[in-house]
Amino acid sequence: MRISKAIVKDGIMKQPVTIELDAAVERMKSKTLLEVKETPQLLVSATFGRGGLDDVRTMTGLLVLHAESTRRQLVRQWQQAVMRVPYTLLAWKTTDHRELYIVVRAVAADGQEPKDTEAYLQLLRKAQQQAKAIYQAMADCPLTCRDLAVETTCPMTYDPQLVYRPEAQPMPVVMTADTKDPDLRMYDDGSISYGPADEQREQWRMEYLTCLRRAVENTPENADAEQLLTKLADYCRLARLEEEPCVVRTLWQGRFEGREYLVRKVFRAVYAEPYKGRPLSKMNHKEQVARTIRDFFSRRYQLRYNEVKQQVEYRPNDGTFRSWQPLGDRELRRIAFEEMMEGGEAWMVDLELYVHSSLVASYNPIREFLDHVGEWDRKHDYIEEYARRLKTDYERWPHFFHRWFLAMVAQAKGMNRDHGNSMVPMLIGQQAMKKSTFCKNILPYSLREYYMDDIKMDNAEQVERVLGRMWLVNIDEYNAKTEREQAKIKRLLTEKDVQVRKMRSDQYTMTQRLCSFIATTNDRQPLCDPTGSRRYLCVEMTGEADMSGSVNYRQMYAQAVWELQHDEQYWFDHADEQEIMHHNEQYQLVSGLEDALSAIFLGARREKGYFMSTTDIQQTLREQLSTADVPTLAKLGRALKRMHYPDGAQDGVRGYYLRLRRKVAEK
């Protein structure tokens with residue numbers, strides 16, 4: 001990764017030069033930097049060309065954060081504490097140990113790159129505000145917000161304790177937020193954040209620091225760490241602060257770092273209360289273990305059962321509100337060991353009994369999203385606005401995409417009980433036209449894990465699982481599917497319920513279908529079966545899809561929910577299907593056999609004189625074609641059916657009403 005460096009002399013910055021970040025880090029660890037007369041300045045947010053500060057070449061996404069204090073020991077503590085934040089890329093102190101600089105890499109949560117310098121600065125400003133709350137909550141490091149510009153500098157100073165983590169995570173930044181609900185915040189990009197608002201987090205932090213200050217003031221100077229911890233735990237309990245966040249925040253204090261066992265023991269002893277209504281002495285061993293397990297999880301972890309994934313998810317209940325993770329065997333074993341370290345007597349099977357029971361609340365992430373998108377502002381049609389990002393001459397595309405999108409949302413809300421969403425938009429275009437990008441961006445950023453780029457048809461159990469666990473599947477490169485696979489896909493489109501085998505069980509249960517389909521192809525004639533063309537909506541692209549700019553997912557899905565609540569039609573009726581079939585005729589692949597039949601026969605009136613059995617038709621073809629080109633009866637029957645010739649029966653024999661074209665008859 002490259003950044004810029006410059007020398008400032010007499011208040012004037014000289015020409016910036018581009019350097020590697022790794023090289024800058026090595027230089028800052030070297031004492032040779034102390035011998036430099038003028039302190040070099042780093043410009044981490046951009047690199048510049050020969051035109052100086054007006055010639056921005058690349059925007060790095062790096063943001064410098066700043067904190068300062070007159071207490072040198074506090075700055076050193078901050079430097080260690082900020083390493084707990086997964087976004088910290090680089091952290092170093094100034095030579096006088098009174099200032100701390102932190103570098104993080106900011107990325108837009110929707111994955112879109114800023115178009116210009118102003119959009120880039122907006123991203124950095126929002127990242128600075130977001131980082132201030134994160135570092136305040138996770139590291140007790142009060143950052144100072146500064147005016148930002150691409151030429152914002154920071155001193156390149158000597159620090160042998162400098163911390164550098166090239167593997168640090170980029171910090172996703174959401175540009176607009178709705179904080180009306182302090183417990184749930186949803187952003188326009190579709191991401192959801194659970195936890196208290198910034199004001200509530202700040203209030204909690206101040207209350208904890210007040211308890212810490214009182215504990216220090218009221219504990220004798222010669223007292224040991226256990227006495228101070230006991231005072232702190234007692235003040236936190238009286239202030240009704242939750243135990244686990246207080247334990248974690250205490251471990252962040254330099255004086256208690258590395259003493260987790262002692263901190264937890266003291267807080268547990270202070271916070272422990274006898275069970276109401278029944279003393280421990282009257283409980284049998286099993287009841288004591290059960291109550292201990294429930295108490296342990298309520299204090300230390302948050303659990304939920306993801307109905308879509310059909311698995312338990314967890315996160316620490318420490319006030320940091322980290323992302324939810326699947327609770328696998330390794331994680332559960334670690335939790336079991338932590339419970340043993342607290343003196344618990346539960347066996348692994350006891351913990352599994354609780355974790356995999358209905359005592360853990362169920363959670364459906366897709367319905368949670370749809371239930372909290374808010375009200376549609378009704379200013380304009382956000383759904384068709386997204387559809388127009390796809391460049392096509394097909395005028396009915398926005399209308400039919402709108403109908404399909406409503407069907408997809410209705411499928412997720414469980415409204416479509418009679419049949420599944422059986423329509424598949426088929427995007428036809430050359431490579432690099434962003435067909436797959438358009439498909440993926442239909443779902444909001446927070447729900448992309450319920451999107452799949454393709455489906456493997458050779459594993460029936462996996463197919464059934466996909467129908468119940470994925471919201472949107474893109475049948476990528478549809479033309480590469482075999483006829484057998486295409487026939488399976490056609491069958492899947494009409495299913496409304498699927499049989500799924502639950503994890504850790506041999507039992508199959510009926511699960512409502514969640515999945516809707518979309519498809520992409522490079523073939524201009526991808527349809528092989530005319531009878532199934534009503535299931536596909538072919539859309540030929542005329543240019544690259546416009547995926548620039550963010551998508552307002554909140555309003556897009558709020559519009560869909562509002563329209564469904566007001567009985568907007570979300571299914572394709574007979575008239576729609578007939579229109580689509582007529583439109584799809586130009587994308588129908590005609591076989592050589594069908595060409596031959598069309599050149600030899602015309603449909604006729606249903607009169608006995610025109611009646612021909614399939615055997616009669618085959619015999620006529622023998623007279624007109626070479627022996628190698630004459631089809632079998634089975635293949636001929638399928639071709640005649642696809643061509644919709646008039647059919648019927650005469651004297652108990654099934655056949656078709658045909659007549660030879662004039663030029664063939666004359667021949």
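Predicted model: local features only at pLDDT ≥ 70, side-chain atom pairs only at ≥ 80, totals over all residues.

Author: Residues are numbered from 1 along each chain as its sequence is written, and side-chain values use heavy atoms, with hydrogens and water left out.

Reader: How do you know how many helices and strands the protein chain has?

Author: Helices (H or I, at least four residues) and strands (E, at least two) are DSSP runs, numbered from the N terminus. The protein chain has 22 helices and 30 strands.

Reader: What makes glutamate 217 buried or exposed?

Author: Buried means under 20% relative accessible area, exposed over 50%, and partly exposed in between (1.4 Å probe, protein chains only). Glutamate 217 has a relative accessible area of 57% and is therefore exposed. Arginine 213, at 46%, is therefore partly exposed. Across the protein chain, buried residues make up 48% of the 667 residues.

Reader: Why is the contact between glutamate 217 and arginine 213 called a salt bridge?

Author: The term requires a side-chain nitrogen of Lys or Arg within 4 Å of a carboxyl oxygen of Asp or Glu. The N to O distance for glutamate 217 and arginine 213 is 3.9 Å, and the pair is a salt bridge. Both residues lie in helix α4 (residues 198–217), four residues apart, about one turn of the helix. An α-helix has 3.6 residues a turn, so residues three or four places apart point the same way.

Reader: Which salt bridges does aspartate 647 form?

Author: Aspartate 647 pairs with arginine 606, the closest N and O atoms being 3.6 Å apart. That pair links distant parts of the chain: aspartate 647 belongs to strand β29 (residues 647–650), and arginine 606 to the loop between β27 (601–603) and β28 (611–613), 41 residues apart. Aspartate 647 also meets arginine 654 in a salt bridge, at 3.7 Å, N to O. Aspartate 647 has a relative accessible area of 34% and so counts as partly exposed. Arginine 606, at 56%, is therefore exposed, and arginine 654, at 55%, is therefore exposed.

Reader: What makes strands β16 and β17 a pair?

Author: Two strands pair if DSSP finds at least two bridges between them. Strand β16 (residues 301–306) and strand β17 (residues 311–316) pair in the antiparallel sense over six bridges, with asparagine 306 opposite glutamine 311. They belong to an open sheet of four strands in the order β18-β17-β16-β19, with mixed pairing. Its edge strands are β18 (325–326) and β19 (362–363), each pairing on one side only.

Reader: Why is helix α6 called mostly covered?

Author: In helix α6 (residues 243–251), nine of its nine residues are buried. Among them are Glu243, Cys246, Arg249 and Leu251.

Reader: What makes a set of residues a nonpolar core?

Author: A nonpolar core is a set of buried Ala, Val, Leu, Ile, Met, Phe, Trp, Tyr and Cys residues joined through side-chain atoms within 4.5 Å. The largest has 52 residues, and those touching the most other members include Trp397, Phe401 and Ile442. Helix α13 supplies the largest share of this core, 10 residues. Apart from this core lies another, of 39 residues, among them Met83 and Trp252.
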